[in-house]
Amino acid sequence: MAFERVLTRNVGNRDALTLDGYRKTGGYEALAKALKMEPDAVIEEVKKSGLRGRGGAGFPAGMKWGFIPQKDPNQPRYLVCNADESEPGTFKDRLLMEHDPHQLIEGCAICCWAVRAATCYIYIRGEYTKAAAILERALKDAYEGGILGDGVLGSNFKLDMYVHRGAGAYICGEETGMLESLEGKRGQPRVKPPFPAVVGAFGAPTVINNVETLCNVPHILVRGADWFKSIGTDERNTGPKLYAISGHVERPGTYEHPIGITFREMLEAAGGMWRQGTLKAFIPGGASAPILKASEIDIKMDFDTVAKAGSMLGSAAVIVMDETVCMVRSVARLAKFFNHESCGQCTPCREGTNWMELVLKRLEHGEGREGDAMLLKSVAGNVGGNSLCALGDAAVGPVKSLVERFPEEIDAHVRERRCPFPEYRYF
Amino acid sequence: MPKVTINDRTVEVEAGTNVIEAGVKVGVQIPHYCYHPRLTVVGQCRMCLVEVWQNGKKLPKLQTACSTTAAENMEVRTDTPEVRQAQAGMMEFFLINHPLDCPICDQAGECGLQDYSFKHGVAFSRFQFEDKRTYPGRERIPLGPNVILNMNRCIQCTRCVRFTHEVSKTGELGFFNRGARTEIGTFPGKELDNPLSTCVVDVCPVGALTSTRFRFAERVFYLDKKPSICTGCDVGCNITIEHRRGDIKRYKPRFNPEVNDYWMCDYGRSTFERYKTVPRLRACRMRGQEGEKTGTETMGSWKEALDLVHRRLRLRTDGAVAFLGSGFLTNEEAWLAARLADYAGSPHRGVPVDLGAGWTIPNLQGGITGTELAPNRRGAELFLRPGSGIELEETLGGAGNGKEKPQVLDPDELLLGDGASKCAVLVVLDSDFGRGAYTPEVVERLRRAQFLVVLGWADSPLAKVADVALPVATHAEKDGTFVNAEWRVQRFNAAFPAPGQARSTVEALADLLGRFDAKWAGLTADKVFDRIASEVPAFTGHTWHTLPATGSALHVPGAHTAMSDAAAETLPEVS
C-alpha cells in the first residue's frame, strides 16, 4: 500500500524550518481556513475526523475540545501542548518539533481558535534543548510574520504562544502534573475531578494535547475529515500515526504508517530483526504498555486492537526484543524507571513501584523464591487502578504481563538461582 | 441537598459535602490519612477508596471518598471485597517501609497506622526478603523548637505541609525528593517556628512528628483525658487535659468550630508547666497573732483560717476593704467574691490582667486574637468592676449622705500606687494573678495592707507574705465557666481532685459567705452559675447543664467598655 507521508512530509526539508519554507509547502493555509470558520465548526470537523489523542490514552481530541466551557467570553482559557515526551522508547514528538516546528505551531493555533484560547504553552521536555531552540526560533518567526500576536493572520484573533521547558521529570508528562509544573509548583498530579477542561492551568479551563495530535489538525482542516477517516482501520482508529521503533531491529527510528498497520509490516519496514535474530517479545506502546509475545506478531497496531490483546498502543513506541533478552531483567529495568519517576505523593505508586523493583531485582540476582510471581501479581493488583494518576497503572503493565505471559522465565530464575541469560551490565 | 446512600444508610447532606463526612453522619467510618476537614483535599493516601455507584451504574475504578462529593442518586459501598482488598493493600504499603518501632514511639496508642492496621490490615508481612527504606540520619531532626521529625515513620500524607501552607500560612515545610525517597522537611534556612507549630504534631496521623514537650513523657494509653479550657489567653481554646494521676502531661486542642477549630497555640500548650514549676500552696497558712505582721507562720484548718478572715472582714475599721480579682477567676468565683464585697460594703474591686502577644487562632470565621494572658478578664470584670457596689455603701449608711464619694481603689492604684496602705483588709483572690504577684515591688506594695488575705494555688511570693494564705484548686481541678474574647461563655469541669487541703475557690468563698448568711453555705459552681443566670441579664436563659459544649455567646454585644456599662446595670439588687 502506497502511503504518502503526512506528518513527516517536511522531515529532511530544511527549508521548512523557516516560515517562508513552511509556507511554500502549503503551511498556514489550514489556519487561514480555520479562521474563516466558526470555532464550533472546527471542533465539529475534528470530531468528525475521529482523531484520537496520540499521547497515550487515545481520547478523542474533538470531544476534549468540546468539553471546554464557552459560556463566559471573558474567562481565560489555555491550550497546553504536551511535548514532555519522556517515556522510554518514545521519540516521535522530537522528530516533529525538530524538523517541522511550524506544523505544530499551526496546529496549536487552530486548536486555540477552536476553543477560544488566547494563550498556548508548549511544555517541552527539559532535555530537548535542540527542539526547544528550534521551536523558539520558529515562534519568533511566527510572531514577526504576523501568525501570532495581536492579530493572527490579519484577523482580530489574539494569540500568544510560549515554550516552557520542563525540569526533567517523567511525571510532568501527566497532564495535571504538567499543569502544576507549569504553574511553578512541584510537579505532581492533581486529584481528578475536576478535570483540566474545567479547572486547569491557573484555575482556568485548559485543553491539553500531545504534539502529534496537534500536528494532525492542520491536515484535517485542509484535506477534510473524510480524507482523514479514509486512513486507518475503522471509524475509531483513523489517520496517520508515527511509530517509534527501537530495540533489536535493523533500522530503529520513527516511521509514519497509517494507523492499524500490522506489527509484522512495521518490522519489515524497519529492516527486520537485528542480525536475523528471532523475535521474542515486543512492547507496542512505550514502557507502560504490557509486553506482547512473538506469537502476536500479526496484531494490528491501532488503539482498539492492541487494547483487546491486553496491552495498549499508548504513545506507539515499539520496543522489539529478540531471543537473547531476559524478560525479568528488562521488566526490572522498567520497574526501576517507574520507581525512580514516581512522584511519591500517593501510597500505592510510591511504595508499590519500589517493592516491585526490589522483588524483580532479587529475582534477577538469583535470590528469587517460590511465590514471587504471585507476590508480584498481587502487589501489581494493589497498585493498578488504585493510584492517583496513571503512572501507577503504567508501572503495573510490564510487571503484570511478565507474570502472565512469561511465567516460565520467572520459574527459571528461581529454579536455577541465577539469571539464565547472558550478562548485561544494567544493574 | 443531595441524598446519598452509604452502605444502605441514606443521609441527606449539604451540597459539597464529601463522602467521608457524609459517612460520619450515618456512622460509617471511612479510613483516611491525608484527608483533614480543614486542609485541601489531595486524595493521595488512597486509604479512603470506596465503591461508588452513580445512577445505578458502578464507576469502573474505586474512588477516593475524600475527593468524591456526595451527589443525588449516589450509592457508596465501603464493605465490598474489592474495597476491603484495596484497604488491606494500602495498609500493607504503609507498613512495608515503616520501622514498626511502636514500643519506643510516642504515637503508639493514638496512631493511625495501629488503628487501621488492626481494623483493615493483614496480620502478616509479605515484605520479608527486602530491605526497608530508611532515611539514615533523619530519625530525629528538630524541625523547630517544638517539633521533632522522624522520617522513617512518615507515611507522606503531607498534612503537616498543607497545615503550614494553609492554616498557619507560614509555609516552612515542604515535600522533597521523589518516589520512595520522598521526604518532609523544612526549606533551607527556615525552621518550623510559628505560634501554631505544634499543631503539625496533632495533624500527623503517625509518629513522624512528635512534640519536643511531650516526647517520651508518658505512654498515651496511660493518660486520663478530660475536656477543659486553656488558660493561656482570652481566646479560650477548648482543650483536653491529659494527665496521669493528677500530673498533667500535655494539653491537646479539642474541636470547637466556634472558637479554636482544631488548633491551639504553642504558648497555650506550655501553660500547664506552670502548675509544676511554681511551688504549690497545699495548706492554710496563718501568720502569728491577729494584727501582727511578723509573727511565725502556722498551718491551720480551713475552719480556723476562714473564721479569722470572717472576723477581720466584720471588724469595721477606718481602712478600706479591697478585693483584687484575677483574670483566672471563673465567673462563679468572681460573682461570689462580689457578694463577699457586698457584705464588706466595699466598692474597691478590680481585675488586673497582663497583656500578651496577641496570637490569632484561626477558625472558620477568620480567627480569634487573644490579647490578654488570662482566660476570663471579661467575665471576672462583669462582677468585679472597680466601683461597682459603691451605691451599696451609701445605702447601708456607712457613709453619710452629704459625704463625698470615697475614692475607689482600682487595680492600678493597688499594684502601682499606694492604695494598699489605705486597706484594713486586702483580699487577693488569686495568688497567681499575673506577673505582679512575682514582682518584689508589687508584693511589697500590696503587703502594706493591714491584713492581707491571699487565695490561690500557687505559693507565689505574694502568698508567702500573706497574713492568711488559702490553698485553692487550679483550673484543672475545679468546675467553672470562662468568658472569652468574643463574650462566649464556656464551661469546664475538674479533671482530677485538688491535692492536700486545696479546695475550689467557689467552695471556699461559699463557706466564708455562709458565715455572713447561712443561705450561701454549700454552694457549688453549677448552682452559682444557675443563680447568676437568674440574676444577671447577660446570662439569662442559660443553665449549667444546658450550656452547649461549644459554649454560648452572651447576650451582650460588642466592646469591652460597652460591656462594662451593661455589666453595671446587671448588678443584682441588694436584698
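Two residues are in contact if their C-beta atoms, placed from the backbone, lie within 7 Å. By that rule, chain A puts 27 residues into its contact with chain B, and chain B puts in 28 residues. The model is predicted.

**Where chain A touches chain B**

- Three helices of chain A each supply at least two residues of the side that touches chain B: α13 (327-341), α14 (347-364) and α15 (372-383).
- Which helix gives the most to this side of chain A? It is α14(A), with 11 residues.
- Sorted by class, the side of chain A that touches chain B holds 12 polar, nine nonpolar and six charged residues.

**Domains of chain A**

- Chain A is divided into domain 1 (14-230), domain 2 (232-322) and domain 3 (327-416).
- Between domain 2 and domain 3 of chain A, the C-alpha centres lie 23 Å apart.
- Their contact takes 11 residues from domain 3 of chain A and eight residues from domain 2 of chain A.
- On the domain 2 side of that contact, six residues are nonpolar, one is polar and one is charged.

**An open sheet in chain B**

- Strands of a sheet pair through backbone hydrogen bonds, either parallel or antiparallel.
- In chain B, three strands form an open sheet in the order β12-β13-β14, and the pairing is antiparallel.
- From one strand to the next, the twist averages 30 degrees.
- Strand β13 (residues 238-244) of chain B is joined to β14(B) by six bridges.
- One pair to find is B:T240 and its bridge partner in β14(B), B:K252.

**Strand β3 of chain B and its partners**

- Strand β3 (residues 49-54) of chain B runs antiparallel to strand β6 (residues 74-77) of chain B, and four bridges join them. Here B:E51 has B:R77 of β6(B) as its bridge partner.
- Two bridges join β3(B) to strand β5 (residues 63-64) of chain B, again an antiparallel pair. B:Q63 in β5(B) stands opposite B:V50.
- Two bridges also join β3(B) to strand β4 (residues 57-58) of chain B, and these strands run antiparallel. B:K57 in β4(B) stands opposite B:Q54.
- β3(B) and β4(B) form a hairpin with two residues between the strands. In this hairpin, B:N55 takes a positive phi near 50 degrees.

**Two packed helices in chain B**

- Two packed helices are described by the angle between their axes and the distance between the axes.
- For helix α2 (residues 81-96) and helix α3 (residues 112-120) of chain B, the axes come within 10 Å and cross at roughly 140 degrees.
- α2(B) and α3(B) are therefore oblique to each other. The cut-off that matters is that angles over 145 degrees count as roughly antiparallel.
- The crossing of α2(B) past α3(B) is left-handed.
- From α2(B), the contact is made by B:Q87, B:A88, B:M91, B:F94 and B:L95. From α3(B), B:L113, B:Y116, B:S117 and B:H120 take part.
- By class, the residues of this helix contact are six nonpolar, three polar and no charged.

Technical notes. Residues are numbered from 1 along each chain as its sequence is written. Chains are lettered from A and ligands numbered from 1 in the order in which they are written. This is a predicted model: local features need pLDDT of at least 70, side-chain atom pairs count only at pLDDT 80 or more; totals for chains, interfaces and linings use all residues. Ala, Val, Leu, Ile, Met, Phe, Trp, Tyr, Cys and Pro count as nonpolar, Asp, Glu, Lys and Arg as charged, and the others, Gly among them, as polar. Two strands pair if DSSP finds at least two bridges between them. Axes are lines fitted to C-alpha atoms, for helices over the stretch in contact, and angles run from 0 to 180 degrees between N-to-C directions. Domain bounds come from an automatic or database domain assignment. Angles under 35 degrees count as roughly parallel, over 145 as roughly antiparallel, 65 to 115 as roughly perpendicular and the rest as oblique. A crossing is left-handed if the near helix is turned anticlockwise from the far one by less than a right angle, and right-handed if clockwise.
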